[in-house]
Amino acid sequence: MTEQMHEIELRVNGVLRTATVPSRRLLSDCLRHDLGLTGTHVGCEHGVCGACTVQIDGRPMRSCLMFAVSARGHEITTVEGLADPDGSMHAVQQAFRECHGLQCGFCTPGFLTVIAAYLRDHPDPTEAEAREAIGGNLCRCTGYQNIVKAVLRAARILNEGTDAPVAEEAPR
Amino acid sequence: MKPPAFRYHSPRSLPEALDTLDAVGHDGKVLAGGQSLIPILNMRLAAPGHLVDINGLTELAYVRTDADGVRVGALARHADVEADADAHRAVSLLRQGLRLVAHPVIRNRGTTVGSLVHADPSGEMTAVLSLLGGSVELARLGGTRRVGAADFFTGPLESCVEPGEMAVSAYFPRLRGRTGTEFIEAARRHGDYAMCGVAAAVTLDDDLRIVSARAAYLSVSPVPLVLDLTETLAGATPDTAHWRAAGELAADRTEPDSDIHATAEYRRHLVRVLTARALRTAAVRGADPAVGGDGQGSDDQGSDDRECGARD
């Protein structure tokens with residue numbers, strides 16, 4: 001059969017984008033292939049690894065478990081949309097850099113979008129809560145220790161400003 | 001790992017959705033949260049010709065609580081049900097089970113009704129609905145029917161929803177009397193499919209003696225299994241009850257299968273241990289004077305974790 005195509009409008013990182021996609025186009029593939037936003041990474045494509053996580057109307061969701069056509073009318077925030085328009089990093093990005101929260105970087109976009117949304121609702125997590133918050137994302141490099149530190153560090157930056165001392169969360 | 005081609009329908013109203021489902025019949029499938037369906041499509045385990053996306057039917061995104069229980073609409077996300085304070089006060093078992101459904105990010109999109117229709121024997125919500133004796137309302141062009149939990153699940157990944165039908169809501173009745181509940185499971189990692197899970201409800205009389213003890217199980221039977229374990233506990237108080245005896249009885253009555261995640265013998269061991277723990281916690285909650293009447297506790301997640309200690 002001829003595949004059904006859709007002209008869709010998506011609002012991504014505050015910008016209205018258009019694409020022509022088949023029904024079965026996953027949102028993750030639409031972002032990467034149709035819109036050229038390759039910051040969103042694709043790992044397992046069945047919802048386990050978390051690398052493809054984006055925010056839909058501010059809530060983190062797996063873009064590999066959504067069809068692009070279903071995302072019409074919703075506000076999508078990818079990792080490219082976390083930094084300020086002037087290029088200065090989001091607190092979570094800054095904390096990842098300071099705490100060495102990434103090595104190869106493949107899983108990082110998923111962690112960043114999850115943690116940025118989490119800290120909006122939970123501004124002062126404990127270490128246990130930070131671990132729970134990232135429980136749905138896999139990282140094969142870091143052993144998670146520095147990612148947990150980065151969650152706590154990001155919370156501190158958000159609460160106290162960027163000049164908060166680094167030492168407590170990131171001894172190295 | 002890409003889904004097969006299908007025709008996409010995005011109805012603007014429930015009647016239009018039922019019209020479409022009626023027209024496409026066997027070849028149609030409802031897409032709600034998609035957190036189970038889309039992995040299945042991505043892995044090419046299913047290839048429906050038509051997907052009817054109900055994400056536009058926002059009138060179905062409700063959680064309504066009254067004196068008798070909680071009704072959850074087809075588009076209510078797990079996260080919304082979990083966060084609903086009224087639902088938690090009326091039926092604590094909902095939140096107790098929901099916090100074990102995959103990960104928060106999955107719960108942001110996945111729907112409670114969708115997970116019931118998916119009928120995964122490892123699904124927490126199937127056990128919750130079964131233990132409470134809840135029901136699912138199914139609509140089709142020209143009519144609706146209500147199916148009780150005992151008849152709803154017909155096999156692994158198989159519910160009684162027929163072609164042309166759509167589950168529009170699920171009803172979780174409130175437990176009566178001085179009743180406490182608990183939901184615990186053992187998984188290799190938090191958020192994974194459980195090797196065994198137990199939902200328990202214990203009812204006490206005014207002298208805090210146990211009059212009823214029931215448990216529902218996941219991952220140890222093809223459809224949700226509900227066991228009445230009252231005979232091992234009746235008349236005892238939460239302090240004197242012989243919880244291990246209840247666990248032994250439950251283990252005798254389950255026949256789990258082996259798979260790559262756990263042997264049958266290990267799953268039966270988990271039934272024994274988790275049953276005892278879940279019943280004990282449920283009874284303690286039921287006896288809590290703050291709970292009283294037909295409530296099931298004002299517990300938050302923190303106290304859940306302290307009391308069950310089963311996810312070590």
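## The sheet in chain B

Chain B holds an open sheet of three strands, ordered E1-E3-E2, with parallel pairing. The model is predicted. Strand E1 (7-9) and strand E2 (28-31) of chain B stand at the edges. Each has a single partner strand, so one side of each is left without a neighbour in the sheet. From one strand to the next, the twist averages 25°.

E1(B) pairs with strand E3 (residues 50-53) of chain B in the parallel sense, over three bridges. Opposite B:Leu51 in E3(B) stands B:Tyr8. Helix H1 (residues 14-24) of chain B packs on the sheet. H1 touches E1, E2 and E3 of chain B, and its direction makes about 170° with that of E3(B).

## A buried helix

How many residues of helix H8 (residues 124-132) of chain B are buried? Nine of the nine are, so H8(B) is largely enclosed by the rest of the structure. The cut-off for a buried residue is 20 or more other C-beta atoms within 10 Å of its own.

The buried residues of H8(B) include B:Met125, B:Val128, B:Leu129, B:Leu131 and B:Leu132. B:Glu124, B:Thr126 and B:Ser130 are also among them. B:Gly133 follows H8(B). Its phi is positive, near 65°.

## Where the chains meet

Chain A puts 22 residues in contact with 24 residues of chain B. On the side of chain A that touches chain B, strand E4 (residues 59-62) of chain A gives the most, with four residues. By class, that side has eight nonpolar, nine polar and five charged residues.

Note on methods
Residues are numbered from 1 along each chain as its sequence is written. Chains are lettered from A and ligands numbered from 1 in the order in which they are written. This is a predicted model: local features need pLDDT of at least 70, side-chain atom pairs count only at pLDDT 80 or more; totals for chains, interfaces and linings use all residues. Two residues are in contact if their C-beta atoms, placed from the backbone, lie within 7 Å. Helices (H or I, at least four residues) and strands (E, at least two) are DSSP runs, numbered from the N terminus. Ala, Val, Leu, Ile, Met, Phe, Trp, Tyr, Cys and Pro count as nonpolar, Asp, Glu, Lys and Arg as charged, and the others, Gly among them, as polar. Two strands pair if DSSP finds at least two bridges between them. Axes are lines fitted to C-alpha atoms, for helices over the stretch in contact, and angles run from 0 to 180 degrees between N-to-C directions. A residue is buried if 20 or more other C-beta atoms lie within 10 Å of its own, exposed if 12 or fewer, and partly exposed in between; C-beta atoms are placed from the backbone.
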